[in-house]
Amino acid sequence: MRYLPLTDDDRRAMLQTIGVAEVEDLFCDVPAAARQNGPFAGLPSHLPEHEVERLIGAMAAKNLPASACPSFLGAGAYRHHVPAIVDHLIQRGEFLTSYTPYQPEVSQGTLQALFEFQTFVTMLTGMEVANASMYDGATACAEAVAMANRITQRKRVVVSGGLHPHWRETVATMAKMTGYETRLAQPLLPPQAEELAHEVDSLTSCIVVQNPDVFGQLRDYSALAEACHAQGALLIVAVTEAVSFGLISSPGTMGADIVVAEGQSLGNSLSFGGPYLGLFACREKHMRHMPGRVCGQTVDAEGKRGYVLTLSTREQHIRREKATSNICTNSGLCALAFTIHLSLLGEEGFKRLAALNHAKACQLAERLATIPGIRVLNDSFFNEFTVELPEPATEIVESMAMRRDNPLLAGVPLARFYPERRELERLLLVAVTELTTDKDMDALVEALRERIRSRERDAASPLSMPISCGH
C-alpha cells in the first residue's frame, strides 16, 4: 500500500469519471513503437520492500561516482566544491516548502532570493535583465531561439557546430515542433575558426554560439555580433560552465543579445544529471519577449519594500497559447542554491575560483602535451580542453574506469556525441576544476603513459607480427 495506494475499485471509478475504459487508453497518443511491451529485463514483477532495497542498492553500487576517484568529466556537467551551508540553508522549511512562488504575496523570502539571483545573472552575463531561472541550459537555449523568432519575426536559425550536441538536439526538436528552419553547422575542431558571419542575411533570425564551445575552445564573438546586427538578426551566446564567467569576457561585452547558461556549477552537485537550472538574460529592450518568471522589487501601501512576480501577462495562465513559452515554473530551489553559493564566494572569491580552475587546467594540458602520441588541440581554453589520443578514446576511458585498483574517469570521449564522425573517435574532452589535485593529475598522466607504452610493446612484439607462410 505504500507504493500502490489505490484499490481496483478506486481505479475503476477514476477511469469512469474521466471517460476511458482502461489505463492503456490514456496512452493512445503514444506510438506503439515507442511503448514498453512487457516487463523490463532483469527486474522482478514484485518483491518484499527489504528485498527491493537490497536489489536497488546492488544496482547503484555498480556506478562509479565522480567523487570516488580522480575525475576529469565535463562536457556540460562539472564537479565543483559546494559548501555544506548551501545544502543546510536550502533545506530550511521557509525555502524547501515554497521553492516556487505560486502565491507570490506569501513567498517574500523566496522572491527576494530570486530577485538577488536575477541580479547575479545580469552581473555575470553582462546583460541588463534576467529571469528567475529556466529548467536547464538546453531548454533555455531553445527558448532563446523562440524568443529571437518573436522579436525578429523571422524563422531561419543558424546553430554553431560548437554548441553542445544535447543543446543542438533540443533546439532542433523545438524547431520541428514549432516550424522554423534550423541550419546546423558542422563541428570544427579547435583552433579552427568557425565562419558564421557569412551565414547571416535578411531572413536570419539569430545565430547560436557557445563560449567556451563544446571542445573547450574560447572565442571572441564581437565581430559576429556586429554582422548579426547589421542584418537585423540576434546573437545568442550559450555557456555550459558558469564558473567561466569569473574570468573570461562576458557575452554582453561581446555584443550578445540573449545569453543562456547552465548554472549547475554553482551550488548544485552532479546528481546524475539533474535537477539543474537554466540561466537566461537579455537586453532590456527585449524584456517583454523573455520567457519564464521575473521577480520585481516594489513598495507596499505602507511604503515597505516588497517583492512580486512582474510582467506575468507573458505567462500561460493569462495569455494561454500566446504565452512566451511552455515553462510553467522555475528551478527555484536550484536557483537558491546557486545564489547562496555565489554570495558566499563574493566577487573576489568567484574570480579566484575561476582563476584556480584555469590554472589547474593549464597545468594538466602542459603535462599531457609532453606525452608522446598525445596532442592538445586547443590554443585557448578555460578549464576544459580536447586532446587527441593514439587510439580510440572510448576504449581508453572504459579501461581506466573498469580497473579493479585505482579506477579513474579520464574524461568524455567525443565519439559519444558524434558517433558518425570517425575522425573524432580519438578525441577526449578533459575537464579540470578546483577539486582536481596534483595527485589526480599524476594518476591520469601515468595511466596514459602506461597505456601508450603497453600499446607500443604490443606493436613491437613478435607475436603481433604477421606470420609468413612462404617456403
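This is a predicted model: local features need pLDDT of at least 70, side-chain atom pairs count only at pLDDT 80 or more; totals for chains, interfaces and linings use all residues.
Student: Which radius of gyration does the chain have, and what would a compact globule have?
Tutor: The chain has 471 residues, for which a compact globule would have a radius of gyration near 23 Å. The C-alpha trace spans about 95 × 65 × 45 Å along its principal axes. The radius of gyration of the chain agrees with the globule value, at 25 Å.

Student: What percentage of the residues count as buried?
Tutor: A residue counts as buried when its relative accessible area is under 20%. The accessible surface of the chain comes to about 24,500 Å², and 55% of that surface belongs to carbon and sulfur atoms. Of the 471 residues, the buried share is 48%.

Student: How far apart do the centres of the positive and negative side chains lie?
Tutor: The chain carries 43 positive and 55 negative side chains. The centres of these two sets are separated by 1 Å.

Student: Which strands stand at the edges of the open sheet of seven strands?
Tutor: The sheet has mixed pairing and the strand order 1-7-6-5-4-2-3. Each edge strand has a single partner strand, so one side of each is left without a neighbour in the sheet. The edge strands are strand 1 (129-130) and strand 3 (181-184).

Student: Which residue of strand 3 is the bridge partner of V157?
Tutor: Strands of a sheet pair through backbone hydrogen bonds, either parallel or antiparallel. Strand 2 (residues 156-159) and strand 3 run parallel and are joined by four bridges. The partner of V157 in strand 3 is T182.

Student: In the hairpin of strand 8 and strand 9, which residue takes a positive phi?
Tutor: Strand 8 (residues 294-299) and strand 9 (residues 305-310) run antiparallel, joined by six bridges. V299 stands opposite R305, and the hairpin has five residues between the strands. The residue with a positive phi, near 85 degrees, is G303.

Student: Is strand 13 mostly covered or mostly uncovered, and how many of its residues are buried?
Tutor: In a regular strand the side chains alternate between the two faces of the sheet. From strand 13 (residues 427-431), L427, L429 and A431 point one way, while L428 and V430 point the other way, and all are buried. Strand 13 is thus mostly covered, and the number of buried residues is five of five.

Student: Is A75 buried or exposed?
Tutor: A75 lies in the loop between helix 2 (49-60) and helix 3 (84-90). Its phi is near 55 degrees, a positive value in a residue other than glycine. With a relative accessibility of 12%, A75 counts as buried.

Student: Is F272 buried or exposed?
Tutor: F272 lies in the loop between strand 6 and strand 7, and its phi is positive, near 55 degrees. The cut-off for an exposed residue is a relative accessible area over 50%. With a relative accessible area of 78%, F272 is exposed.

Student: How far apart in space are E450 and Q186, C-alpha to C-alpha?
Tutor: E450 is found in helix 13 (residues 438-460) and is partly exposed, with a relative accessible area of 34%. E450 and Q186 are 264 residues apart in sequence. Their separation in space, C-alpha to C-alpha, is 34 Å.

Notes
Residues are numbered from 1 along each chain as its sequence is written. Side-chain values use heavy atoms; hydrogens and water are left out. The radius of gyration is taken over C-alpha atoms; the globule rule is 2.2 Å times the number of residues to the power 0.38. Buried means under 20% relative accessible area, exposed over 50%, partly exposed in between (1.4 Å probe, protein chains only). Accessible areas come from the Shrake-Rupley method with a 1.4 Å probe; for residues, only the protein chains shown count as cover. Lys and Arg count as positive and Asp and Glu as negative; His and the chain ends are not counted. The place of a charge is taken as NZ of Lys, CZ of Arg, CG of Asp or CD of Glu. Two strands pair if DSSP finds at least two bridges between them. Helices (H or I, at least four residues) and strands (E, at least two) are DSSP runs, numbered from the N terminus.
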